[in-house]
Amino acid sequence: MPAEAVLRLEGDGVLIAGPGGGKSSLLRMEAATLAEQWEHGDGGMGIPVHIQAAALVEDRPLPEAIAASVRADQHVAGLREEWSAAFFRDRPASEMHWLVLVDGLDEIMDPERRYHVLMKLRRWREQDLTFTHRFVIASRALPGAEWATLGAWPHYELLPLGVQQLSGFATAWFAAAGMDHASTVAQQFTAEVRRSRLHDLARTPLMAAMLCQLFAAHTNKPLPTGRYALYKAYLELRYKDWNGEGTGAALVQIRTAATEKLGAEAAQTAQQLYRQIPDLISRLALARWEGETRSTVDVLREWTAHQAPHLPEATWRALIQDALRYSGLLIEQGDDFVFLHQTLLEFLAAQQMADDNARSASFFRFLFGWRGRRGVPLSDHLPESSFFRFVIPAWQDRERPGLTEALRHWAMSPEGASLLAILAKDGTSLSPVVIHAATTTLVDSATGPFLHSRRANIWVARDLAWLGDERGVEALAARAADPVVRDGHTHMARPAAAEALVELGDARGMEALTAMLDDPTLVLGNSWKCGAAQVLARMGDPRGIETLTELAADVTDLGSDGVLAARVLAHLGDPRGVDALIAYATVPGRSYDWRRDDAAEALTELRDPRSAEALFRIAVDASLGPRSGEIRVKAAETLVDVGDPRGPEALEFLAAYSAEEHNCHRAAKALARAGDARGVARLAALATDGDTEGTRDWAVHALIQQAHPRIVETLASLASHSAVHPMFRMQLAEALGVLGDPRAVETLTALASDTTLPRQRRRSARRALRLLQKEKKLSTLP
């Protein structure tokens with residue numbers, strides 16, 4: 001779907017994109033667009049409020065945090081009045097809701113603080129029974145365990161620029177920059193991007209903008225090769241004339257203006273400050289990366305206080321603000337200055353750390369280990385860290401002692417070799433000994449006779465290619481051209497190999513993708529054609545969408561291509577994908593029920609309001625395939641999530657009549673989570689009368705998870721029930737304490753004095769009592 005459509009869907013959501021992927025820009029632009037549309041009576045049901053996730057870290061109610069964030073941004077937005085927390089607590093207007101756009105969750109460095117923000121949003125959602133607020137969170141990818149805090153909030157991935165989109169982006173950028181013949185310059189630009197093998201990087205909006213600036217500055221000069229070199233060249237361009245003394249130079253302008261306003265002595269001080277700004281900004285970046293939260297001006301004022309003892313405080317702060325504005329690396333946000341983008345902060349922080357011997361040594365030991373202690377685990381999350389991908393080449397530039405040996409040690413494991421391949425792709429210049437060790441490890445890790453087999457592991461081959469090993473390139477080419485179907489290969493095996501070749505700038509990649517589309521021998525059951533179409537569609541090639549549409553159109557097709565193509569189309573935002581999935585999921589009389597299951601499951605993932613009728617039919621249709629029970633419950637849950645009133649009815653039906661007991665239980669839990677008393681009653685009955693101890697314990701735990709004032713009587717009843725396990729009775733009492741119910745004390749006191757319980761259990765109950773008293777959860781505590 002179009003990116004802006006995510007903000008117009010029902011229900012909450014998470015918008016994911018990589019560094020520089022355009023998340024923040026999308027939220028800012030769409031907030032302005034939606035607000036303008038609403039003023040003209042065409043803005044839908046939500047009034048947008050754009051806030052920073054950092055505003056939610058402080059321990060204060062959500063409406064108060066929203067109000068504080070808006071107040072901080074007041075002079076930028078041009079508001080004429082200060083809106084209170086009460087204003088954001090209730091609906092903005094009859095039948096309207098607040099659309100709260102939460103930006104920059106990934107910029108909160110501390111995982112515990114991120115968890116606090118996510119829990120605050122989840123708790124508000126559970127208590128917001130009238131749906132006064134809807135939330136969309138924008139972030140980079142985070143570990144799955146963190147997102148689990150939100151429960152079943154849908155995730156949407158912001159796709160990178162396609163081939164045609166990049167050309168259009170460049171044309172618009174060069175035209176806005178005032179360059180003549182912008183479309184011709186854009187063609188030259190895209191050709192240079194391909195020549196420099198930067199096409200993959202250029203699909204990110206931030207990278208595309210940086211590349212446009214570099215190309216515009218030197219149209220006859222080759223673009224930098226790799227991500228690290230790109231940031232380095234961009235910063236050099238920004239600071240190129242920083243200390244210039246020519247006519248019109250910024251330094252001369254500042255000196256002249258300061259002389260006129262403040263006198264010669266103050267002008268000299270202002271000039272001294274201005275010369276230090278690049279170093280101060282780098283120092284600030286590292287401080288921010290390490291957790292500094294004070295305002296930028298406050299921090300820089302503290303660092304430079306000794307330089308201007310004779311100037312008034314307000315004058316010095318104004319000079320700092322002017323210098324920050326001119327840098328172009330920070331922008332004003334509310335009453336503070338923030339970095340233009342998180343990756344710029346991370347690049348500058350890495351440069352500053354590499355220049356700071358003490359901090360550099362400490363982080364080096366953290367990353368690689370020291371004296372027998374292991375370094376940071378080579379987990380799946382390390383490659384996603386821009387700071388890691390910047391600090392290694394920064395050390396490389398400075399020829400840090402021990403780095404080559406540390407990287408060679410990394411190269412001895414497949415995970416480390418893959419990390420080094422990513423660094424090589426970024427343009428990091430690795431030593432021959434490190435590259436040799438990494439390529440040897442990768443070849444050894446591949447199954448089968450790697451050099452002569454077309455069954456070479458695609459990702460290993462890609463990593464080899466990034467490391468400059470031609471064996472990887474040839475293995476990818478062989479796999480991309482291999483027409484033989486083998487067990488264990490998915491529909492994306494050949495297309496993925498071809499896509500890797502395209503990223504490497506090898507013409508055989510596009511040739512292979514085209515061949516897969518045009519090959520008449522790829523019959524039903526062989527989905528490489530669908531995979532190739534998916535890759536081309538992501539690249540912006542219209543042939544991809546055309547082929548996917550053809551494959552998805554035939555609902556009578558008993559092969560796998562149709563449902564798969566429809567799913568891919570839907571995830572790419574083409575409405576024909578959802579239409580096809582609805583047709584597949586509801587087609588009558590099909591003997592291949594698993595196709596309907598697949599289509600139904602895809603509809604529950606997409607949460608498209610157009611599929612509500614189909615989802616309801618799925619939820620109450622017992623004729624679906626062997627996996628239908630779970631899918632039917634998911635369909636009913638999705639109806640609840642998108643606000644369809646038939647959702648609770650479908651869940652009640654499933655809780656009573658599902659053939660599988662676990663699906664009955666799941667439906668009851670979902671019904672309780674939706675605030676329906678029937679779900680709470682079913683869980684309460686299971687908690688005391690369930691067939692097995694496991695069922696009873698599960699039901700109590702499910703109710704504790706739904707702890708809310710509306711079910712306090714149920715919780716209190718179970719807390720005093722002898723059929724409930726003492727461990728869960730204590731947890732129920734703790735939940736009552738959080739809700740401020742004095743019966744928590746009664747239950748914990750009874751457990752603490754029950755001599756039939758083990759001593760450890762009684763001790764735990766006494767600790768829980770003391771904790772309630774310490775936190776003053778209840779005024780009636782003894």
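Let me begin with arginine 646 and aspartate 644, whose side chains meet in a salt bridge with an N to O distance of 3.1 Å, and please keep in mind throughout that this is a predicted model. Arginine 646 is partly exposed at 26% relative accessible area, whereas aspartate 644, at 13%, counts as buried because the cut-off for that class is under 20%.

The search of the whole structure finds 30 salt bridges. One of them joins arginine 301 to glutamate 313, with the closest N and O atoms 2.9 Å apart, and this pair links helix H13, residues 296-304, to helix H14, residues 313-327, the two partners being 12 residues apart. Here arginine 301 is buried, with a relative accessible area of 13%, while glutamate 313 is partly exposed at 40%. Both belong to a network of salt bridges that also takes in Asp298 and Arg317.

Turning to the packing of helices, H22, residues 470-481, and H24, residues 507-518, lie at an angle of about 10° with their axes 10 Å apart, and they are therefore roughly parallel to each other. Val473, Glu474, Ala477 and Ala480 of H22 make this contact with Arg508, Ala512 and Met516 of H24. Helix H27, residues 561-571, has nine of its 11 residues buried, so it is largely enclosed by the rest of the structure.

Definitions and conventions: Residues numbered from 1 in each chain as written. Predicted model: local features only at pLDDT ≥ 70, side-chain atom pairs only at ≥ 80, totals over all residues. Heavy atoms only, no water. Axes fitted to C-alpha atoms, helices over the stretch in contact; angles between N-to-C directions. Helix = DSSP H or I, 4+ residues; strand = E, 2+ residues; numbered from the N terminus. Parallel < 35°, antiparallel > 145°, perpendicular 65-115°, else oblique. Contact = heavy atoms within 4.5 Å. Buried < 20%, exposed > 50% of the residue type's maximum accessible area, 1.4 Å probe, protein only. Salt bridge = Lys/Arg side-chain N within 4 Å of Asp/Glu carboxyl O.
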